[in-house]
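User: Please take a close look at the ligand site of this model, and say what surrounds the ligand and how the protein contacts it.

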Amino acid sequence: MFRVVVLISGTGSNLRALLQACTAAEYPAEIVAVGADRDASGLAHAAEFGVPTFTVNYRDHASREEWGAALSEQLRAYAPDLIVLSGLMRLLPAAVVDEWSPRIINTHPAYLPEFPGAHGVRDALAAGVTQTGATVIVVDSGIDSGPILAQERIAVAADDTEQTLHERIKPVERRLLIDVVQRIAAGEALV
Ligand code: GRF
């Protein structure tokens, strides 16, 4: 079975959707572990689905590079065919990207290359755009700059707040992510 490790930092609602998708007999991937860079509440979803978890706490390491080395050590232990960043709010050091790319993808709550970075939803609102989107990309050494695997436009409502807009983006992210992981597990090339 196609082995997936998911990395999170937050509530893991997108992770939960992928965990749920993997319970379907015909879905060609399994999540073999969920990792976090902090004590993320989303790890509870993995526990509920009986999936092992690990935490490589960023604060326990002297540098991004040292944290990255410890993270890669955990990743190797699970021998993933694909790593999915789903709300990991941490830039991976180059050594981690080099080791795993292109078998590492990320979901982003904007229509890349529009609004890259940690605040895509807030930045779209601040820019006053009437539409934004959701994107799944291959992680490269840049910031949300890798090859686009899937994306979809989402309208911005005049009365949207960051929260209402983000909560409308997430279901689209989940659908795109579940479809992309299925395509990759079925053998579609990443780049
Ligand atoms: C998602 O929108 C993801 O794209 C962004 O952070 C959000 C994580 O949400 N990086 P959740 O933790 O999956 O609920």
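Analyst: The account below begins with the ligand and its surroundings and then turns to aromatic rings and the backbone.

This is a predicted model, in which local features need pLDDT of at least 70 and side-chain atom pairs count only at pLDDT 80 or more, while totals for chains, interfaces and linings use all residues. Residues are numbered from 1 along each chain as its sequence is written, and side-chain values use heavy atoms, with hydrogens and water left out.

Polar contacts here are pairs of N or O atoms within 3.5 Å. A polar side-chain atom of H166 lies 2.6 Å from a ligand oxygen atom, and the backbone contributes as well, with an N or O atom of G12 at 2.8 Å from an oxygen atom of the ligand and one of T107 at 3.2 Å from an oxygen atom of the ligand. Of the 360 Å² of accessible area that the ligand has on its own, the protein covers 91%, by the Shrake-Rupley method with a 1.4 Å probe.

In the loop between α4 (94-100) and β5 lies P102, and the peptide bond from S101 to P102 is cis, with omega near 5 degrees. The loop between β5 and α5 (120-127) contains P113, where the bond from L112 to P113 is likewise cis, with omega near 10 degrees. F115 is also placed in the loop between β5 and α5, and its phi is near 50 degrees, a positive value in a residue other than glycine. As background, most residues other than glycine have a negative phi, and most peptide bonds are trans.

A search of the whole structure finds 2 aromatic pairs, with ring centres within 6.5 Å. The rings of F54 and Y78 have their centres 5.7 Å apart and their planes at 15 degrees, so this pair is stacked, the limit for stacking being under 30 degrees.

Key:
A polar contact is a pair of N or O atoms within 3.5 Å; within protein, one must be able to donate a hydrogen and the other to accept it, and residues adjacent in sequence count only if both atoms are side-chain atoms. Rings of Phe, Tyr and Trp (its six-membered ring) pair if their centres lie within 6.5 Å; planes under 30 degrees apart count as stacked, over 60 as edge-to-face and the rest as tilted. Helices (H or I, at least four residues) and strands (E, at least two) are DSSP runs, numbered from the N terminus.
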